[in-house]
Amino acid sequence: MADLIARWQVWKRDPRVAWSVYAALALLLAALPFIVGATAGNAWVRILASALLYIMLALGLNIVVGFAGLLDLGYVAFYAVGAYCYALLASPHFDLHLPAWLLLPLGALVAGAFGALLGAPTLRLRGDYLAIVTLGFGEIVRIFLNNLDAPINITNGPQGVDRIDPLRFGSLSLAKTHSLFGLDTPALYNYYYLFLLLALLVIFISLRLENSRIGRAWVAIREDETAAAAMGINTRNIKLLAFAMGATFGGLSGGLFASFQGFVSPESFTLIESVMILCMVVLGGMGHIPGVVFGAVLLVVLPEALRYTGDLQNALLGRIVVDPADLRLLLFGLALVTVMLLRPSGLWPSPIRKREFAAGE
Amino acid sequence: MDILLQQIVNGLVAGSIYALVALGYTMVYGILGLINFAHGEVVMFGAMIALAVIQALVGTGIALPPAVIIGLGLLAAIPSCMLLGFAIERIAYRPLRHAPRLAPLITAIGMSIVLQNVAMIIWGRRYITFPALLPPGLHQFGSVVVTDLQIFIVLLALLLMAGLEWLVQRTSLGRAMRATSQNREIAGLMGININTVISATFIIGSALAAVAGVMVSAYYGIAHYYMGFMLGLKAFTAAVLGGIGNLRGAMLGGVLLGLIESLGAGYIGDLTGGVFGSNYQDVFAFFVLILVLVFRPSGLLGERLADRA
Amino acid sequence: MEALLSISGVSKHFGGVTALDAVDLAIEHGAIFGLIGPNGAGKTTLFNVLTGLYAPDAGVFVFDGARLADLRPHRIAACGVARTFQNIRLFANMTALENVMVGRHVRTRAGVLGAIARNRATRAEEAAIIARAQNLLDYVGIAARANELAKNLPYGDQRRLEIARALATDPKLLALDEPAAGMNAAETGALRRLLERIRSDGTTILLIEHDVKLVMELCDRIAVLDYGKKIAEGAPREVQRDPVVIEAYLGGALA
């Protein structure tokens, strides 16, 4: 038995093994839309694309909450900024149809600027105050989006902006069906592939940031801000950097969301969204990139699975006691509470963070 | 001028309600250093429970004086909220008293969401109306109109605030609460049962919240499972404005915020030439919060703390 | 030769309490300067003002010929003043090596773009950071504990780690706040040798300490604070015999 374990240890570290695992994974991810589409239907492919979007969002928030330890409860504001940026400049609303290669980075940049703007006066506040201020900011953005339809119609108010242009890169439109190795890829699949590539990029950037001078500075600030400053870290700027980077990822995801859904309204950007993204980070494993990815996928897929509890209730009790749609948020809240009480380092924590929460502070 | 006075009256009434809720936030923050996000939901539960009782009584058709009906509603709401507040602290905060700062903040938000959705499941998503029980007594001062209800709310709020002031300054429990908020560890060493004091704080705050909930639903005529969120946020802003941890600060902050909101909403149209209307009312509280925290985080009555090493 | 650090007329009040009262000090290049005094005399407050945690109410710091005008902590560290803390403030959930690597932050440059691109320059800088950190751990004698979490280190090693981290900032002045607190005689002796080695390698040391033996053996000059005022300064032996100092510590003339 010990012999088998020893062989497994050696095998685990073989780079060729690592590469074949990655290759297999890549193949699986590439084939996934077709597999899922054929078995569970295209609705589930849509859910997968949504999950990839939330992976990007959760990783963005992870930089702020997980790495730097700043509780941001208004993260959805950056998502909204990116989404509306795209929506307003690529739809019949102002009759502007700027190209995607301009708008997606633009949305990200504008969101990043908002992040810096919000962070500049507020990042020196203590944790709880920062949480409430960011929450307030998230609400302010939503209220403004809801009301900026008079006297000049900027955002079209509660009705939102629809008929948003799909993404187009040069002559390659994601809305058209293309062909990949002889198989047809409808619009939905095209978006899935784009999201997959971008999610992988975001994961890559997060990993690089984690193991870098900046990443260490973030963790140092999280651990002991005073000591970090005494060691020469410009805490204000580094915190601002975390905020702005997180906001940038949020803004990018927003632009993608707008073009994917084709429609945005203030209703998509409520506090609940911010809390849900926070839930993904916390539940998955704060600061731990694989954990956060896991948390994002879990919290997108699980509520869909909850729909089936309706059938379950019918079967067991003869009627639906609790509408499955109502259960979703309740379970999020319960998840937040129970994770913090029972396993605060998250479902898939980094080995270090586990030790941090285990011993208390 | 008349509009101004009317807005002031309205602001004072709303402010009294904010003050009652703000007291709950400030007491908990003073003792635990924690923002009890779920407090707004306790207010909501107070409103919902009282309304359920009131509607049931009205539905039976028995002829009872309105005061009794509302009184019975309060009688049901207050103990329920006290129990709720107690339970929230025991379940979500006490186990995390020594955990990293982020942890109780997250459970607080989680509890808030749980409570909102439990209320939604129990009472549905629709607005629940407050039955037309209250005497429509009006008093006219010039062209300023003040209703009986408004007077009642302000008087009751003042009474409760005075009661709390007495409790905190003149009783041994109050002394224990003040000591614990100054220095929890030493208070414990001096023989004060910290857990009891903390539970009492939550219970008292929740009782005030229940009354505030009934006031809100009576004044605005409706209750709703989501009503606690905005109200809670504004009340917290009021607490910060007055100086978090400071009881008189919470009272002052509440009234001030009510006035700022009322006057702001009333005049913003004129001030901005029609660009922004009173539909931006909710934003005022947030801006006040941000301004206070950025420029004078200790609030109006708080001490200037140098939070240095 | 001009002093490395000259402190002139520095005062600090907290509400009604005067923590520092017009303190003047001058620390020469290459000295080991001791700061002693009864508890509450203002020693740590002086450190906190020097390193930018508090703003002084009056007074001037001149360090290495330049006025320390922008008194924010990270700027002061960049100028070359590094410190340790009375209550040990390590980054508890980072390893010893990572703690020291953070100390290199102020002397390195890689930003977000460098982190993401990991170009040759960034990789070289990272390698240099790791190498220097390992060297410093070795220098203070805890190389074996490089990959342990800081919070799991024994007390004496934590103190050394804090010194290593401070040294990583390449300071001209190393300000140590009670580095020997809680140490036994053997550990204190090892600390003394370490500090002498640091001095002979070119770093000036300012030291708050209560351990009289250490102060006598180690320091070239000491200053005594009492109730925020400097009441004596000079070579250790002189100060030890100064009646004003004795009274401050013992509260009355000796019989």
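## Confidence in chain C and in the complex

Let's start with chain C of this predicted model: its mean pLDDT is 90, and 97% of its residues reach 70 or more. Looking element by element, helix α3 (residues 96-103) of chain C has the highest mean pLDDT, at 96, while helix α10 (residues 243-250) of chain C has the lowest, at 81.

For the complex, the predictor gives an ipTM of 0.91, together with a pTM of 0.87.

## Where chain A meets chain C

Chain A brings 27 residues to its contact with chain C, and chain C brings 29. On the chain A side, at least two residues each come from α7 (187-210), α8 (213-223), α9 (225-230), α10 (235-261) and α15 (351-358). Of these, α8(A) supplies the largest share, with 8 residues.

What is the make-up of the side of chain A that touches chain C? It divides into 14 nonpolar, 6 polar and 7 charged residues.

## Where chain A meets chain B

Now to the contact between chain A and chain B, which takes 34 residues from chain A and 36 residues from chain B. Here the helices of chain A that each supply at least two residues are α5 (100-122), α6 (127-147), α11 (271-285) and α14 (324-342). The largest share of this side of chain A belongs to α6(A), with 11 residues.

As for residue types, the side of chain A that touches chain B has 22 nonpolar residues, along with 8 polar and 4 charged ones.

Terms used
Residues numbered from 1 in each chain as written. Chains lettered and ligands numbered in written order. Predicted model: local features only at pLDDT ≥ 70, side-chain atom pairs only at ≥ 80, totals over all residues. Contact = placed C-beta atoms within 7 Å. Helix = DSSP H or I, 4+ residues; strand = E, 2+ residues; numbered from the N terminus. Nonpolar A, V, L, I, M, F, W, Y, C, P; charged D, E, K, R; others polar. pLDDT = per-residue confidence, 0-100.
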